[in-house]
Amino acid sequence: MAGVTDFIREWWESNDSVTLITRPRRFGKTLNMSMTEQFFYVDYADRGDLFEGLSIWKEEKYRTLQGTYPVISLSFARVKESNYEDTREKICAILRNLYIRYSFLKD
């Protein structure tokens, strides 16, 4: 059985410019995105302990990648409005909050 962190390796090595992950509910999308975020996100730079003993940690090149990127995570899971206007407003609020949170990247 492949290691759970092999997703990170396979995604990284695919070198795709865009990745769309579609799977049915309860298929591990959120878990994989959370793991990927914690692997790459600069806020977790000193948290290699989270990945010690996992397959991704066996190769030095991945240990040096851990915690080196800003990661913007976008989810529409909480958008459950019943009409277009409210849905649009909720999505705009999510995007606005992300823009504010990551405004340091535009410098």
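Is Arg-26 buried or exposed? Arg-26 is exposed, with a relative accessible area of 80%. Buried means under 20% relative accessible area, exposed over 50%, and partly exposed in between, with a 1.4 Å probe and protein chains only.

The model is predicted: local features need pLDDT of at least 70, side-chain atom pairs count only at pLDDT 80 or more, and totals for chains, interfaces and linings use all residues. Residues are numbered from 1 along each chain as its sequence is written, and side-chain values use heavy atoms, with hydrogens and water left out.

**View 1. The whole chain has four helices and zero strands.** From the N terminus the order is α-α-α-α. The radius of gyration is 16 Å, well over the 13 Å that the globule rule gives for 107 residues, so the protein is more spread out than a compact globule. That radius is taken over C-alpha atoms, and the rule is 2.2 Å times the number of residues to the power 0.38. The C-alpha trace spans about 50 × 40 × 25 Å along its principal axes. Helices (H or I, at least four residues) and strands (E, at least two) are DSSP runs, numbered from the N terminus.

**View 2. The surface of the protein exposes about 8,400 Å².** Carbon and sulfur atoms supply 53% of that area. Areas come from the Shrake-Rupley method with a 1.4 Å probe; for residues, only the protein chains shown count as cover. Of the 107 residues, 21% count as buried.

**View 3. Seven residues form one aromatic cluster: Trp-11, Trp-12, Phe-39, Phe-40, Phe-51, Trp-57 and Tyr-69.** The structure holds 10 aromatic pairs. Rings of Phe, Tyr and Trp (its six-membered ring) pair if their centres lie within 6.5 Å; planes under 30 degrees apart count as stacked, over 60 as edge-to-face and the rest as tilted. The rings of Phe-39 and Phe-40 have centres 5.0 Å apart and planes at 85°, so this pair is edge-to-face. Phe-39 and Phe-40 are both buried.

**View 4. Phe-40 also pairs with Tyr-69.** Their ring centres are 6.0 Å apart and their planes lie at 75°, so the pair is edge-to-face. Phe-40 sits in helix α2 (residues 29–40) and Tyr-69 in the loop between α3 (60–65) and α4 (84–101), so the pair ties together parts that are 29 residues apart in sequence. Phe-40 is buried, at 4% relative accessible area. Tyr-69 is partly exposed, at 37%.

**View 5. Ser-55 lies in the loop between α2 and α3.** Ser-55 is buried, with a relative accessible area of 14%. Leaving aside neighbours within four places in sequence, Ser-55 is in contact with Gly-3, Thr-5, Asp-6 and Arg-9. Contact means heavy atoms within 4.5 Å. Across the protein, residues 24 or more positions apart account for 59% of the contacts with a separation of 6 or more.

**View 6. Asn-15 and Arg-26 mark the loop between α1 and α2.** Asn-15 has phi near 55°, a positive value in a residue other than glycine. Asn-15 counts as exposed, at 68% relative accessibility. Arg-26 has a positive phi of about 65° although it is not a glycine.

**View 7. Glu-89 is found in helix α4.** At 55% relative accessibility, Glu-89 counts as exposed. Glu-89 and Glu-10 are 79 residues apart in sequence and 36 Å apart in space, C-alpha to C-alpha.
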